[in-house]
Amino acid sequence: MARICSLSVISPGFLSTVQDFGRFHCAHWGISPAGAADPVALRLGNSLLGNPPGAPAIEMTLTGGSFRFDSDLSIALAGSDFGPTLDSTVIPIWQTIFVKSGQVLRCGPTKSGARCYLCVDGGINVSPILSSSSTHVLNSLGGIGGRPLIAGDVLGCAPHHILPHGNLLTVKESALRPLYRCGAFRITPGLQSDLFSLDTRALLSSSPYIVKEESNRMGLRLSGPSLGSGIIKEMTTEGVSLGAVQVPPDGQPIVLFVEHPTTGGYPKIANVALADIHRLGQCRPRDTIRFQFVTHEEAFFLLTKQERLLAPDQCLLSTP
Amino acid sequence: MLSTGPLFPRIQQASDHSFMVFFGEGISRLHHRNVVRLFRLLRLQPNRATRNLHPAYSSVLISFNPLLTHPNDFRAYVHELVERLDMVELSAPRVIEIPVCYDRSLGQDLEFVAHHNGLTIEDVVRYHCSVEYLVYFIGFSPGFPYLGELPSNLASPRLSSPRLSVPAGSVAIGGSQTGIYSVSSPGGWRIIGRTPMKLFNPDLDPPSVLEMGDLVRFRPIALTEYQQ
């Protein structure tokens, strides 16, 4: 029989939302997918609990929140290290944790990247909107009332396990290292690559770009050498892809992220490869990033390689 | 195959997880009909890897999961549908009337649009309500219809700096286009009025009142009727 459990939000931190893999098949209504900014971390966190890979979890941003568990429950923290403690005892990330009813999880400012996921046994239970539990912050859609979590919110879950026990799992260091490599973001040529000179394209792949403060789930605004010289052609509005590197008239590129508008009119010089999208979700304001052009075939190869790494028998370690 | 020139239709890989089909350049009803045809076919004969369809003025972007269907196979699937567009018969469009209150308290840029085009506010309202608009597509934000064609004497430049929040229902002009902010969102178009009609509701299926290919007619209403 299913157990109904819950956890209460004591404080939400900087920005915490309920996220799954996103809301698909809705772009023709003007709705972009939203979903986890780091879907790899969400997937790993869920696999530590035996959940479906995209089970809804709480995505915390830059500074984490505090949560009280109202039932015994298995949880896992995945993504960046937000210095989590359970009743003041430091606990590890990337590992199954068994919590007791009444215990309090506290997360603080990040010690590494931008996002950390709090996954719970069975996933966070909210009413799906258009087949997804994801919060689209900009469009006020999904999650809890279409908004970020606030103090006092109570989130339910229906654990698979009658008692919070079972395998204690950890994610192997040898899997995390390649999944969260520090190198350049791989990009493929964009739809309007040809509008940009070879020199401009070389500039994009040879220069550091800084992630600006205004970046959010809609897009990462970058600052660096201008890519704008000579782009005067007015474009007819067209569909845009997750990860598109678009160049507005000021020449400072914007990487479209999970809450991007579904259509746009700026030329796209490149597109971040799917295998590196999750690393975009870990970029913090003021981080410096670099780009490296690859072919579509290479990008596909990177994705299949990543998929093999994410197989549970490859990335998880069972501890007695 | 419905050709609209030697270079079209053209299939181009947009990213490692999307393909774009271009039917031509610019905005035309001919391109629009091809967009609708392809969109219908993509829905009638779905590929299991398809994640999203982004129809626009003269193109359709199709995003997919490359782990479910190899990109080469997905391109072949799209190519096959593009070859069979002439099989799709387009039905007669629906005509939807949308009440709009063109009061200065709701259309904060009415005066700008009138002044910019050397018209009175009454002229702006009369011209804006004088034609039937085609919903070219829904894009940008939830339920936002891109409508054409705007009478040319109403064209007005966008704001140089977009507003952080435009109220839901705002009817606006951006360049030579007109549209409706169906939900509250940031926006840089000139606002000339507001409709009390709820055009987007995520709890309904479909969530958007308007769909690509519909015809829209605006009916001016008084502030008292809007407030009811």
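Domain bounds come from an automatic or database domain assignment. The model is predicted: local features need pLDDT of at least 70, side-chain atom pairs count only at pLDDT 80 or more, and totals for chains, interfaces and linings use all residues. Residues are numbered from 1 along each chain as its sequence is written, while chains are lettered from A and ligands numbered from 1 in the order in which they are written.

**Figure 1. The two domains of chain A.** Chain A consists of domain 1 (5–167) and domain 2 (185–309). Taken over C-alpha atoms, the centres of these domains of chain A are separated by 28 Å. In the view, 21 residues of domain 1 of chain A are in contact with 13 residues of domain 2 of chain A; two residues are in contact if their C-beta atoms, placed from the backbone, lie within 7 Å. On the side of domain 1 of chain A that touches domain 2 of chain A, helix 1 (residues 39–47) of chain A gives the most, with 3 residues. Helices (H or I, at least four residues) and strands (E, at least two) are DSSP runs, numbered from the N terminus.

**Figure 2. Helix 1 of chain A.** Helix 1 of chain A is largely enclosed by the rest of the structure, because 9 of its 9 residues are buried. A residue is buried if 20 or more other C-beta atoms lie within 10 Å of its own, exposed if 12 or fewer, and partly exposed in between, with C-beta atoms placed from the backbone. The buried residues of this helix include A:Pro39, A:Leu42, A:Arg43 and A:Ser47.

**Figure 3. The two domains of chain B.** Domain 1 (10–87) and domain 2 (95–227) make up the division of chain B. Their centres, taken over C-alpha atoms, lie 29 Å apart. Here 9 residues of domain 1 of chain B are in contact with 7 residues of domain 2 of chain B. Helix 1 of chain B gives the most to the side of domain 1 of chain B that touches domain 2 of chain B, with 4 residues.

**Figure 4. The contact between chains A and B.** Chain B contributes 40 residues to this contact and chain A contributes 31 residues. On the side of chain B that touches chain A, the largest share, 5 residues, comes from strand 3 of chain B.

Figure 5. B:Arg84 lies in the loop between helix 2 (71–83) and strand 5 (95–101) of chain B. This residue, B:Arg84, is partly exposed, because 14 other C-beta atoms lie within 10 Å.
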